[in-house]
Amino acid sequence: MHSELSARAKSLPALLPKWLRDDRKVAILVLAPSIIAVAVFIYIFMGWTLYISVSNWNRPALDLSFAGLKNWQRLVNDPRFHIDLRNLVLFAVGYMSQCIVIGFLLAALLNERIRGEVFFRTVFLMPFAVSAVVSGTAWRWLQVPSAGINLLIANMGFESFRPLWYMHPKLGMLAITIMGAWQFSGFVMALYLAGLRAIPDELREAAVIDGAGTVALYRYVFIPMLRPVTYTAVVLTGAGSIGNFEIPSIIGTGPGFATDTLGFYMFEQTFRSNRYGLGAAVATFMLILSIPVVLPYLISVLREEKE
Amino acid sequence: MSWNRLLVGSAKYAVLIAFAAFYLVPFYVMILTGLKPLEDISSFEIWNMPKSLDWGSFREAWNQMDSNFWNSVRITIPGAIVSTFLGSINGYVFAKWGFRGSNVILFLFVFGMFLPGQGILIPLVWVLQFMGLYGKVNGLIMAYCIFGIPITSLLFYRYYASVPDELVDASKIDGCGFFGIYRRIILPLSGPTFAVVGVWQCTRIWNEYLMALVVLGNPARAPVTVAIKNFSSMGVIPWNLQMAAALIASVPTIAVYLLLGKLFMRGLLEGSLSG
C-alpha cells in the first residue's frame, strides 16, 4: 500500500519540466495568482486612489491630468468634511466605549457559570449574523422620535424625556452608535469570553486564597491578563469607526449632516456627484487614518505568534 | 444561601436579561411590524400586537425582492467556495512551504484586509468596466473572491501551522510532492476548517453592502442588502414591507448562525487574530 502510494506520487513530477520538479518553486507558483490579485486589487488600487486624489478628474469623463493639491485643498475647506471629522470622534467614542464596556460586562457575567449561558451567548451574538443594513432599517423604525422607543419611555411615565435620536442636529451620531454597538458588542463579548476561559483556574484560585475578592480579582488579575483582548477590541472597533458607511446610507445624513460619515461622504462625492478626485482624497484620508490604528496592532500580534 | 448572595445572583440575571431584551427588540419589532397589514401600520402602534396574523407584507416583500434574494444566492455560493479553496491552498503554502519573504506577504495580505474598502472602490469600478464586468453579477463575484483571499488564507494558515511538520516531512520522505502532501495529508485534516471558513465567507458575502451597492446598484441585479436600501428609500416608507424585507434578507445568515454557531464563533475568534 505504502509503496504503491509513493509510486503514484512520483509519477506526476516525472512528467513535469525539470524546473517544476522543485516543490518550492511549485509552492511559489501556486501562490503567485493570489499575490498578484492582492497586490493589484488592494495595493496598486490604493496607490491609484492616491493618484486620482491629485488629478483633475471631477466629472464623468476620465481626466487624469495632474491637479496638485487642489482636491485636498477643497476637502480641508469643505464644512461637511469638518462635520464628518467631528462625527468620527463622536462615533468612535460612543461606539468603542459601548462595545468594550458592554462586551466585557456580559463576558464577565457569562463566565460566572450562569444558567442558560448558551441561550444568552446565542442572543448576544445574533445581531452580528445580520447585515448592518438590517440593523439600520430596524433601528430607524425604533428610533422614530415621535414614537418608537420614545413611546415606551412615555408609557413608563417619563413623558418629558423625548430624545430626537438620529434626528438630533448635534448628537445624532450618538444614536447611530447604539445601532453599531447593537451589532458589534456581542462580538467583543465573544472575544472577552474566550480570553477569560483561557485564564487558568489555578490563577483564580491562587488569587482567592490570597484573599482577593471579586473586584480585586478583576482589577489585578483578569483585566491585566485580558489586555491583548482589549487591544484587539480597540483596533477592530476603531477601524470599524473609520470605515462606517452602512448606517448613514440607510438612515440618511440627518439634519445638517449630523449623521454623516467620511465613508458615506466619499461614496456620495464619487458615485453620485462624479467628483472622483475629491472622493479619492476622502478615501486616501480614510486610509491614512487607518494605518496608525491597524499597523502597530498587526506587528505586535505577528511578533507574538512567532515567539 | 445568604440574602446577599441571592441579591447578587438575581442582579446578574437581571442585567443579562435586560441585555438579551436589548439584542432581541429589533428582531421582535421587525416580526411584529412585518405581520401587520399596511392600514395598521402607524408609528404609534409600533408596540401593539397585530390584530391577526397577516402574512401579506411578507408575501408582498418577497414578490418584490425574490430576484434579489436569488441574486444573493448566486453571488454568495461561488464567491464563498472559490475564496475558501484559494485560502486553503494559500494557507498550505504559507504554513508548510514558507519561503524568503512569505511572512511579509502574509502580513501584507492581512494588513490590506483591515483597511477601509473606500480606498479601492474607484479603481475597482474602473477595472471592472474595462473588463466588461461592471454592473454584472460575475464582476461582484470576482471582487469577493479576490477580497476574500486575505481572510481565508489567514484562517487556513493558522490552522495548518498547527499541523505537525513531522507529518509533512514523513510524507516527503515517502516521495510525496507539493500536491501529494496537500491531497494525502493536509486536505483530509481540513474538513472542520473548511466548514469554519465556508460559513464565515458565506455570512460575510451575504451581508456585504458597500461593494455590492457600487458594483451592482441596478435594482434588478442587486443582492438583498442593496434591495433593502432600495425599499427604505422609497418615497412613502411602507414600514411593514421594510421590516419584512429586512427579515427575509436575514433568514439565511441567522439560520446558519443558529445551526452552526460553533463554526461561526471559531471563524470570529481566529479572524480577529485572537483565537
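How many of the 17 residues of helix 8 of chain B are buried? The structure examined here is a predicted model, in which local features need pLDDT of at least 70 and side-chain atom pairs count only at pLDDT 80 or more, while totals for chains, interfaces and linings use all residues. Residues are numbered from 1 along each chain as its sequence is written, and chains are lettered from A and ligands numbered from 1 in the order in which they are written.

Helix 8 of chain B covers residues 191–207; helices (H or I, at least four residues) and strands (E, at least two) are DSSP runs, numbered from the N terminus. The 17 residues of helix 8 of chain B reach 24 Å from the first C-alpha to the last, close to the expected 24 Å, where the expected span is 1.5 Å times one less than the number of residues. Of these residues, 13 are buried, so helix 8 of chain B is largely enclosed by the rest of the structure. Here a residue is buried if 20 or more other C-beta atoms, placed from the backbone, lie within 10 Å of its own, exposed if 12 or fewer, and partly exposed in between.

Chain A contains 14 helices and zero strands. Its radius of gyration, taken over C-alpha atoms, is 26 Å, whereas a compact globule of 307 residues would have one near 19 Å, by the rule of 2.2 Å times the number of residues to the power 0.38. The C-alpha trace of chain A spans about 85 × 70 × 35 Å along its principal axes, and 44% of the 307 residues of chain A count as buried.

Two domains are assigned in chain A, domain 1 (2–53) and domain 2 (80–306), with bounds that come from an automatic or database domain assignment. Their C-alpha centres lie 39 Å apart. Five residues from domain 1 of chain A and seven residues from domain 2 of chain A make up the contact, two residues being in contact if their C-beta atoms, placed from the backbone, lie within 7 Å.

The two chains also meet: 86 residues of chain A are in contact with 74 residues of chain B. On the chain B side, helix 1 (residues 3–34) gives the most, with 12 residues. That side of chain B divides into 51 nonpolar, 20 polar and three charged residues; Ala, Val, Leu, Ile, Met, Phe, Trp, Tyr, Cys and Pro count as nonpolar, Asp, Glu, Lys and Arg as charged, and the others, Gly among them, as polar.

The largest nonpolar core has 171 residues, such a core being a set of buried Ala, Val, Leu, Ile, Met, Phe, Trp, Tyr and Cys residues joined through C-beta atoms within 7 Å. Among the members that touch the most others are Cys99(A), Val188(A) and Ile228(B). Leaving aside neighbours within four places in sequence, the contacts of Cys99(A) include Phe184(A), Val188(A) and Thr237(A).

Two loop residues of chain A deserve a look at their backbone angles. Most residues other than glycine have a negative phi. Trp165(A), in the loop between helix 7 (148–155) and helix 8 (172–198) of chain A, has a positive phi near 50 degrees. Asn274(A), in the loop between helix 13 (262–272) and helix 14 (276–306) of chain A, has a positive phi of about 60 degrees. Trp165(A) counts as buried because it has 25 C-beta neighbours inside 10 Å, while Asn274(A), with 15, counts as partly exposed.
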